[in-house]
Amino acid sequence: MLLTPRFSTLCPRAPHRRTAASRRLKSALLASAVSVCLVAASAPAAPLGVGDRLFPYLGNPGYDVAAYDLSFTYSGSNSKPLQAVTTIDAWTTTALERINLDFAHGKVDSVEVDGRPATFESAGDDLVVTPTAPLAPGSRTRVTVRHTSDPASAGDRDGGWVRTADGLAMANQADVAHLVFPCNDHPSDKAMFTIRITAPDDYTAVANGLPAGADRAGGTTTWTYRTQHPMATELAQVSIGRSTVLHRDGPHGLPVRDVVPTKDRAALEPWLKATPDQIAWMENKVGPYPFETYGVLVAEADTGFELETQTLSLFEKDLFTKPGYPKWYLESIMVHELSHQWFGDSVSPRTWSDLWLNEGHATWYEALYAQDKGGPTLEKRMKTAYGASDRWRAAGGPPALPKAPDPGEKISIFRPNVYDGAALALYALRQEIGEKAFEQVERDWVRDHKDSTATTADFRKLAEEVSGRGLGDFFQAWLYGEKTPPMPGHPDWKPAAATEKGTKASRAPKTPKTS
């Protein structure tokens, strides 16, 4: 995610497969929470969580989601709740008398568990479901929730549905997918998705993955899309609008589809046609594109950010249609979101403290692309970041130990420390182990953890294996230290003195907010 620039001056400035190691690490994350799963049916319902340091009540223990089937019915008004049905197929990992789902912004009409009516109640941001009989560990279960999905803002919480000039889009990062549909809303539990959208015939609906049919009946069309790879809930995307879908070929015949307001098709084409070459550029850096399709969703909305929703990245229209930014700059923003398809989408963070692995890498390739296309050199951008790094750490925490989000704060955990601050740590790693070893780490990372989740510890382990060196002290200083360590190879680089103004957590003025 990148914050959309709001200024004219430019400043340089992330088939379902789980490995055994992944399952063990996920189990460790859940261990402290699982003990509360066996709650007696007579005890009060309570919100649970997987114990994430930054979002302790996100996610739920006791089960592992295999697949979501989401159905939304849009009336033609983006101010009215959508009728929705969410079906969740999951495997239980412990005995469950109750199933906690994250869901906090809609009316629940009914819940079924394995085809039988179940009772339900709300507790905090959780929908607590009690089936007619306890669920045994290791069993497959299906939960079906009929509910509304409200596009109106949920109090002081931003995200979820985004109202556009002609319909809706989604922006669920980091913690608001459960304002749209019931789910296990944590990136550690990725799953396959089928998404169905019913809308009036004069609307076009697009979602993550590949199209699987469009059925017309009674003045409406039901559009169906399916992912071919597992996806985190925060990366789900649904676009409903008076849109045109543009098709073109990417590298190796990859289907590329862009979704744009029909009236802006010609004005946006000069930017959209760059996508196939950008994919080829990224493949040259880190290896094959990891998904079944890609494209850009251009929304006429004031979001304040761009977002890497899986296979279909979200962009504000004004980013491309308002003057003020050079070509290399805007295209580097497109590459930021594209690079997230590898770093953040295919390889997802196990916990939200691992966010730097998403944003640091996306910023890294954004900067490299800008350098290749006539923008500032990588070294110049990193030197500027080094000067600001101590202030960023004071405001937002070290890259791998970010401070918790402020309540109602729009930028949440997306502060400069996990963007340019994290890219600075990657630059230091390249300086420390050499360019050849660093590039091998990058390629091995996205290959070894494709369609899965990973941690900072996993990245350190890989860097040590590739370089043949112990890097514990290096990673401790660069990712967890309160102060920025000396930059290898640049003893002349000095952090700028902290100022009162510099202590506020704000994004660096670099690119639109990407994630």
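# Reading a predicted chain

User: Over which residues does pLDDT stay under 50, and how many contacts beyond four places in sequence does the model have there?

Analyst: This is a predicted model. Where pLDDT is low, the predicted coordinates should not be read in detail. Here pLDDT stays under 50 over residues 5–41, for which the model has 107 contacts beyond four places in sequence. Residues 499–513 also stay under 50, with 64 such contacts in the model.

User: What is the average pLDDT of the protein chain?

Analyst: The average is 89, and 88% of the residues score at least 70. The chain has eleven helices and 23 strands. Of its 515 residues, 61% are buried.

User: Is Ser 348 buried or exposed?

Analyst: Buried means under 20% relative accessible area. Ser 348 has 2%, so Ser 348 counts as buried. Ser 348 sits in strand 22, residues 347–349.

User: Which residues does Ser 348 touch, not counting those up to four places away in sequence?

Analyst: They are Pro 187, Lys 190, Ser 452, Thr 453 and Ala 454.

User: Where does Ala 104 lie?

Analyst: Ala 104 is in the loop between strand 4 (99–102) and strand 5 (108–113). Its relative accessible area is 33%, which makes Ala 104 partly exposed. Beyond its neighbours within four places in sequence, Ala 104 is in contact with Asp 125, His 178 and Leu 179. Ala 104 and Val 176 are 72 residues apart in sequence, and their C-alpha atoms are 9.0 Å apart.

User: How many salt bridges are found in the whole structure?

Analyst: The search finds 20. One of them joins the side chains of Lys 107 and Asp 109, at 2.6 Å from N to O. Lys 107 is exposed at 52%, and Asp 109 is partly exposed at 41%.

User: Which parts does the salt bridge of Lys 263 and Glu 300 tie together?

Analyst: The closest N and O atoms of Lys 263 and Glu 300 are 3.1 Å apart. Lys 263 lies in the loop between strand 18 and helix 2, and Glu 300 in the loop between strand 19 and strand 20, so the pair ties together parts 37 residues apart in sequence. Lys 263 is exposed at 60%, while Glu 300 is partly exposed at 30%.

User: Which residues are linked in a network of salt bridges?

Analyst: The network links Lys 263, Asp 264, Glu 300 and Lys 317. Lys 317 counts as buried, at 9% relative accessibility.

Notes:
Residues are numbered from 1 along each chain as its sequence is written. This is a predicted model: local features need pLDDT of at least 70, side-chain atom pairs count only at pLDDT 80 or more; totals for chains, interfaces and linings use all residues. Side-chain values use heavy atoms; hydrogens and water are left out. Helices (H or I, at least four residues) and strands (E, at least two) are DSSP runs, numbered from the N terminus. Buried means under 20% relative accessible area, exposed over 50%, partly exposed in between (1.4 Å probe, protein chains only). pLDDT is the predictor's confidence in each residue, from 0 to 100. Contact means heavy atoms within 4.5 Å. A salt bridge is a side-chain nitrogen of Lys or Arg within 4 Å of a carboxyl oxygen of Asp or Glu.
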